[in-house]
Structure formats: structure tokens, C-alpha cells
Amino acid sequence: MFKLLGNCGQIINSRNLTSCLTAKFSRSTAFILSRRKHTDTPPALQFQHIHSAANSKTFQNQRRASFSKTIAAMATGGGKDRKPPHTNRLIEEKSPYLLQHAHNPVDWFPWGQEAFDKAKAEDKPIFLSVGYSTCHWCHVMEHESFESADIGKILSDNFVCIKVDREERPDVDKVYMTFVQATTGGGGWPMSVWLTPDLHPFIGGTYFPPKDSAYRPGFKTVLLRIAKQWQSHREDLVSNGERILAALKKGTSISASPGETPPPGPDVAARCLQQLAHAYEEEYGGFSQAPKFPTPVNLSFLFSHRALHRSSAEGAQALHMALHTLRMMALGGIHDHVAQVSGDEFFAEVARDILSYVSRDLSDQSGGFYSAEDADSFPTAGAPKKKEGAFCVWTEQQIRELLPQPVTGATGGATQADIFIHHYGVKEQGNVRPEQDPHGELAGQNVLIVRYSLEVTAAHFDLSVPLLKEVLSGCRQRLAEVRRERPAAHLDSKMIAAWNGLMVSGFARVGAVLGEKVFIERAEKAAHFLRDHLFDAASGKMLRSCYRGEEMGVEQISEPISGFLDDYAFVIGGLLDLYEASLDAGWLEWAEALQDRQDQLFWDDQGSGYFSSETTDRSVLLRLKEDQDGAEPSANSVSALSLLRLSHYTGRGEWAERSRHILAAFSDRLIKIPIALPEMVRALTAQYHSLKQVVIAGQPHSQDTQQLISCVNSHFVPNKVLLLADGNTESFLYQRLPVLTSMTPQGGKATAFVCKNFTCSLPVTSPEELRKLLLD
């Protein structure tokens with residue numbers, strides 16, 4: 001059967017179910033859908049950030065906030081003073097994605113009991129549409145189909161239509177994406193799935209064009225065929241859906257047998273490196289064909305592998321792949337060159353630049369971080385329609401008009417524009433290939449990509465490198481001034497616990513490595529935000545999300561969405577990183593409490609590992625365990641390492657054992673395709689090699705203590721935990737680790753103790769001696 005694809009973002013099949021399910025599914029649905037083969041609709045050039053997510057229970061606000069109406073109008077491109085012709089019940093929601101659809105001529109419901117009851121009462125199938133607010137192809141399908149009065153009537157007359165923000169409800173998204181992947185061989189967003197009133201899926205796909213073509217039926221045709229077959233062949237649809245669901249329950253099971261142990265760490269790590277090397281692209285870096293998405297888990301594994309194999313060819317290979325990939329990302333279109341600050345410390349400057357952007361454009365005054373900025377925006381203030389990448393791209397003519405000044409001493413009287421155009425690969429006809437731009441939105445436009453090194457460009461125009469830097473910096477500043485006048489891209493101001501946890505990690509790590517307290521302080525502010533707005537102290541539970549409200553306040557929905565596994569795992573990981581950066585043991589204490597709650601809510605007592613969601617929501621048909629590290633690491637991967645770290649911070653050996661149980665549960669995946677779980681391979685390697693405990697005994701703010709801490713932070717030692725023994729025996733750490741009372745400053749100087757497997761090295765007091773112990 002043909003695949004219902006053409007998506008915002010490809011994702012790998014979570015289990016190899018396609019071969020056993022597609023044939024059955026094809027035979028039963030051939031009368032609904034054309035069986036012609038086709039290739040995926042090529043995604044347009046990707047500018048959007050990568051995310052995941054979800055929406056939880058039915059929640060109806062008691063009033064229609066004018067603020068929500070304004071957001072909905074702005075999200076769909078309408079001015080706030082123009083009254084839209086249609087308004088549906090999504091106007092009562094707070095999710096920016098749901099509000100984007102509040103003026104569709106479709107009788108949309110949010111995910112919840114009201115929609116389920118209506119489907120049963122009227123005996124109608126459910127049409128479930130899942131996406132997120134910064135997804136380009138979600139915008140395309142909305143404009144082509146959901147804004148159509150004709151299609152809207154077909155949808156509303158024949159189906160109960162539910163719209164889900166996958167960033168609010170990752171549990172709902174994961175269940176039905178697993179179904180779509182298993183029955184079509186691929187997946188992505190927007191996701192379109194048809195369900196029985198009992199929520200069992202029977203047809204699924206992703207993007208549908210509005211009209212029929214030679215390769216596939218259009219969305220209108222598909223809707224009419226499904227509606228007809230629901231009336232005449234319902235039993236076939238329902239029974240096939242139930243069989244597929246039963247197969248999914250069996251095929252997605254991940255568990256460990258009693259007494260099973262983790263696979264051998266070195267073998268798995270070697271195979272992971274081999275698989276990454278096989279997928280690696282030498283020219284542009286990265287580990288897949290275009291369009292490429294950032295995969296930090298691959299880079300983390302490569303850096304960790306290199307740290308353990310510094311003198312081997314494999315270590316050199318791992319380092320090369322990681323650094324080349326990072327450099328090409330920094331030089332390419334994914335990096336905003338117009339706002340970049342140049343410097344000699346290339347990677348440090350890129351890190352500072354990214355965190356500066358996040359602090360400037362994605363930060364709430366409460367301390368939280370927003371979800372994303374859109375790929376699409378209006379090219380000009382009066383433009384009738386948004387275009388992909390409009391905020392970021394340039395025509396050659398625009399650059400020549402903005403940068404006409406000749407550069408003194410440049411070959412042939414070259415202007416600033418000549419130099420800038422050469423260095424950043426700008427072309428008169430645009431540098432975006434047609435196959436990357438199926439809707440022609442980027443025709444004639446240029447994405448700024450560094451094509452030459454500073455030295456090569458300087459030589460080409462007979463300039464010194466310092467002068468070239470000055471010229472390019474001035475050019476970027478001029479373009480930045482002009483770009484500030486462009487309509488800004490839509491901001492998804494939803495704040496998600498899991499992603500804020502990841503940001504705490506990022507800011508804390510960069511702050512510690514670079515010795516810049518401003519980043520550590522920003523991480524602390526985000527952690528306080530999490531505790532103030534996304535943590536219920538009474539129950540000890542995390543919440544999934546909150547929202548920017550009126551007058552820039554933080555708002556919550558009437559029935560807050562409970563946190564999912566990744567909300568706990570990513571926040572705990574962030575708190576551990578924040579402790580090592582700030583050495584404030586209060587963050588460890590909260591991490592311990594959250595880990596206890598995570599264990600209670602999500603741990604599988606029968607097969608080990610963590611389920612992604614709780615058992616309380618009966619509308620979620622499958623309780624799954626995420627088995628892939630993608631744009632984000634999987635929560636089980638993060639937890640496997642966090643549990644090991646926590647066991648060293650708290651002395652609770654059962655957490656180290658629980659980490660081993662996770663690794664045993666995922667043994668089959670780790671042995672066969674470790675490239676799918678590189679973050680978990682890191683945890684497996686840490687288990688194999690054991691963690692080093694690096695204890696610094698001294699007063700927190702004394703110079704000698706800070707010198708030892710800086711020594712630890714300036715060397716990449718992946719399998720270690722850092723602790724401060726400040727002499728306060730009443731503190732959390734001393735209560736959990738009484739052995740710290742024996743670790744005191746020697747000779748009146750701050751002292752470092754490096755311990756492993758319950759054996760400690762002789763204490764040292766100089767950074768040079770500590771460095772040798774760390775790298776041993």
C-alpha cells in the first residue's frame with residue numbers, strides 16, 4: 001500500500017513491525033486508499049527547532065480570554081482587529097498550536113472525554129490530527145485543507161475531529177505514531193489518524209495534499225472514502241484495527257528476564273562507533289541523508305568514547321566525526337550568522353552565541369524557556385501569507401543594496417557586498433535547490449552558509465584576516481539592523497518541564513566549562529522556575545507545561561497536565577548538572593525526591609525500565625517505553641546514567657542496581673543497533689568502567705578550592721561525579737555520605753580526593769596533580 005507521508009520530520013520505526021503488519025493492513029484498506037507507490041513529499045529546507053510533546057485532559061476555560069483570541073489571530077496570520085469568519089472551541093485552549101486552529105471551519109475538539117462521548121453518542125469515527133506550532137508541513141496542511149470550508153464541512157459532518165499538540169501530549173502522539181509507523185513504514189507530522197469511538201486506530205498517515213494527483217488521492221477523496229467505508233465495511237475496519245493494536249502491544253514490549261545482566265559495554269560501544277562511522281558523511285558531517293536534524297546524543301557518545309580511547313585510532317576517529325559535524329553545523333544554514341559573534345575560540349563562541357540567543361529570544365521573565373520559534377513568517381509587514389524561512393533569508397540584490405561600500409585595499413575594488421556574497425555562498429538565483437523547496441517559497445532566496453575559511457576569503461580579496469573579520473562583522477551588524485524590522489516568526493510560548501530541564505543542563509555545563517557564572521545563574525533561575533511553576537509540592541509531582549499569559553504572567557490550564565517520564569528524567573539530569581556547576585546541594589536533594597517519585601509512577605516492576613506515562617489515563621491505549629535516542633535522548637537513557645550518578649551522591653546502591661536493570665531490559669536493542677541508543681551506550685560504558693568520585697574538600701569561595709574545581713571542569717571526564725566537602729556536616733551530602741567527614745583539607749589547603757570502586761587515591765592539593773588523576 002502507499003505510505004501516507006510527506007512530513008515535517010522523519011522518525012525511525014520504533015520497532016520492526018512494518019513487514020508483519022503492512023501486508024494485512026494493505027489488503028483490508030485497499031478499497032479505501034490507492035495502492036500506487038510514491039516517495040515522501042520532500043520536506044522544505046528545515047529551519048524549525050526540534051521538539052517533542054503533548055496535550056492531556058479535557059479542560060474548558062470558563063471564559064474566552066481576549067488574549068487567547070489575539071494569539072489565535074496572530075498565529076494564523078490575521079490581525080487582532082479583524083474578526084475571523086469562524087471560531088471553534090479551541091479558542092478556549094492555551095496551547096499556541098491549538099489556538100492556531102481556533103478559527104478553522106472545522107468543529108475541532110481538544111483531546112478529552114467530551115470528544116470521546118460525542119463519537120460514541122453519534123456513532124462516528126474520530127479524525128485525530130497531531131502536530132506542533134512550529135511545524136512547516138502542519139501549516140501547509142492547515143492552509144490547504146483545514147482552512148477550506150468545503151473540507152471543513154466534510155470533516156465536521158462525518159467525523160469527530162480532535163486536534164492534539166504533541167508537545168503537550170507526547171503519550172497520545174507516541175501511541176498513534178507507533179501505529180502509523182508500523183502500518184506505513186514511516187511517520188512524521190502532521191499526523192492524521194482515524195479512530196473508532198473506542199480510540200482504536202484503523203487508518204493512519206501524515207500529510208495529505210488537498211487534491212487528487214497521479215500518485216495519491218487528495219484529502220477530500222480520502223475523507224469521503226473512509227466515511228463511506230465506515231458505513232458499509234465497519235466490521236472489517238474495526239477488526240483489523242484491533243488486530244494491529246494487539247500486535248503493537250506485543251511487538252513494542254521491552255523487558256528483561258529475571259537475572260538478565262547488561263550486555264558487555266566495550267563490545268556495544270565499539271559496534272555503536274562502527275555504525276555511526278558507516279552512516280557518517282565525510283563532506284558535510286552528520287549521520288544521515290538530507291534533511292539532517294541535530295542529534296546531540298551521537299556527539300555526546302563520540303566525545304565520551306574518545307575520552308576513554310585517547311591514544312587509539314578509534315578515539316581519533318570519534319573526535320574527528322564529532323568536531324567536523326559541529327563545525328559544519330556552525331558554518332551552515334542552521335546557525336544564525338547574522339547574530340553570531342566571531343572569535344578565535346570557535347566552539348566556545350558558538351556555544352556562547354546559542355545561549356545568548358536563547359536568553360534573548362526564548363526566555364520568559366519568570367525564568368522559564370519557551371518551546372520554539374516558527375519556521376514560517378511573513379516576508380513583509382503587509383504580506384498576505386507566511387513563507388518558510390522568510391525571517392532568515394536574503395536575495396543577492398538586497399545584500400548589494402545594503403552593503404555597497406568599497407573595501408579599501410580589496411582586489412578589484414570589491415565592495416562589502418562582494419566579499420560577503422563570496423564568503424557566505426550567496427547566488428543571484430538563490431542557493432536553495434528546487435527539490436528542497438517544493439512550494440517555491442525560497443525561490444531566489446539565500447541561506448547564509450560559510451563557504452570558505454577566513455584565510456581563504458582573505459587571500460581571495462588580498463586582505464588581512466583581521467581586516468576581513470572587521471568587514472564581515474560590520475556586514476552582519478548591518479543585516480541584523482535591517483532584519484529587526486521584519487515581522488518576527490511566531491513564538492510558541494508554551495513552557496515544557498522536560499525541555500527546561502535540558503536547558504538547565506546546557507546552561508550549567510557551558511557555565512562550568514567556560515567559568516562564566518552568568519550561565520550558571522541563568523540555569524539556577526530556570527531551576528527555580530521549574531520548582532515554582534511546574535512542580536506540585538503537595539503531591540511531589542511534576543507538571544508537563546505552563547503558558548505565558550496576559551501581562552506576561554505565567555498561567556496554567558484548569559486541569560494541569562501531569563508530567564511524563566521525560567519531564568522527570570530531564571529535570572533530574574538538569575539538577576545533577578546544576579549541582580556540579582553551582583555545588584549547591586539543595587539541587588541534589590530535590591533530584592533525589594524527584595527520582596523517588598519517578599520510580600513510583602513509571603517503573604515497570606515486571607520487566608524493568610520506565611514506561612513513558614502513568615497508568616491513570618485510560619484514553620491512552622498503549623503504555624510504551626521509548627526505545628530510541630533522537631533529537632532528544634530517551635528518558636530511559638538519561639535515567640540509566642542519572643541513577644548511577646545519584647547512587648554516588650546519595651549512597652543508595654539500589655539506584656545503581658536499577659540502572660543495570662534498565663540496561664538489561666534494552667539489551668537486544670543495545671546489542672543489535674546501538675546507534676539507536678547512543679546515550680544509553682554512554683550509560684552502559686559508565687557502568688562498565690565505574691564512575692570516579694572527585695571530592696574537593698575546602699571552602700566554596702576560597703581561591704584554592706576554585707582552582708581545583710576549575711581543573712575538574714576544564715577537562716572532559718565523562719564518567720565522574722563532582723562533590724564539594726565544605727565541612728557542613730548537617731548538609732544533605734554529609735547526611736547521605738558520612739564518609740565525607742574524613743575528607744578534609746590537608747595542610748590548610750583545599751584538597752582533592754579521586755575515588756573509584758571504594759578506593760581513593762592519595763589526596764592532592766595542586767591542579768597539576770589533580771589533572772594527572774583525572775586523566776589516568
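Predicted model: local features only at pLDDT ≥ 70, side-chain atom pairs only at ≥ 80, totals over all residues.
Visitor: How do I read a nonpolar core?

Guide: In soluble globular proteins, nonpolar side chains tend to be buried together. Here the largest nonpolar core has 116 residues, and those with the most contacts inside it are Met 542, Ile 696 and Leu 770; helix 20 (residues 565-582) gives the most to this core, with 11 residues. A second, separate core of 61 residues includes Phe 109, Leu 128, Cys 135 and Leu 248.

Visitor: Leaving aside neighbours within four places in sequence, which residues is Leu 770 in contact with?

Guide: With those neighbours left aside, Leu 770 is in contact with Val 694, Ile 696, Leu 708, Cys 711, Val 712, Ala 752, Val 754 and Val 764.

Visitor: Is Ala 697 buried or exposed, and where is it found?

Guide: Ala 697 is found in strand 15 (residues 692-697) and counts as buried because its relative accessibility is 0%. Apart from neighbours within four places in sequence, its contacts are with Ala 725, Met 743, Thr 744, Pro 745, Ala 750, Thr 751 and Phe 753. Ala 697 and Pro 763, which are 66 residues apart in sequence, are 9.8 Å apart in space, C-alpha to C-alpha.

Visitor: How do I read the packing of helix 21 and helix 22?

Guide: One begins with the angle and the distance between the axes: helix 21 (residues 585-602) and helix 22 (residues 635-650) pack at about 125°, with their axes 11 Å apart. That angle makes helix 21 oblique to helix 22, and the crossing of the two is left-handed. Helix 21 makes the contact through Leu 588, Ala 591, Glu 592, Gln 595 and Gln 598, and helix 22 through Ser 639, Leu 643, Leu 646, Tyr 649 and Thr 650; by class, the contact has five nonpolar, four polar and one charged residues.

Visitor: Which backbone features deserve a second look?

Guide: Most residues other than glycine have a negative phi, and most peptide bonds are trans. In this model, the peptide bond from Trp 189 to Pro 190 is cis, with omega near 10°, and Pro 190 lies in the loop between helix 7 (170-184) and strand 4 (191-195). Asp 462, a residue other than glycine, has a positive phi near 55°; it is found in the loop between helix 16 and helix 17, and counts as exposed because its relative accessibility is 56%. Ser 690, likewise a residue other than glycine, has a positive phi near 70° and lies in the loop between helix 25 (678-689) and strand 15.

Note on methods. Residues numbered from 1 in each chain as written. Heavy atoms only, no water. Core = buried A, V, L, I, M, F, W, Y, C linked by side-chain atoms within 4.5 Å. Buried < 20%, exposed > 50% of the residue type's maximum accessible area, 1.4 Å probe, protein only. Helix = DSSP H or I, 4+ residues; strand = E, 2+ residues; numbered from the N terminus. Contact = heavy atoms within 4.5 Å. Axes fitted to C-alpha atoms, helices over the stretch in contact; angles between N-to-C directions. Parallel < 35°, antiparallel > 145°, perpendicular 65-115°, else oblique. Left-handed = near helix turned anticlockwise from the far one by under 90°. Nonpolar A, V, L, I, M, F, W, Y, C, P; charged D, E, K, R; others polar.
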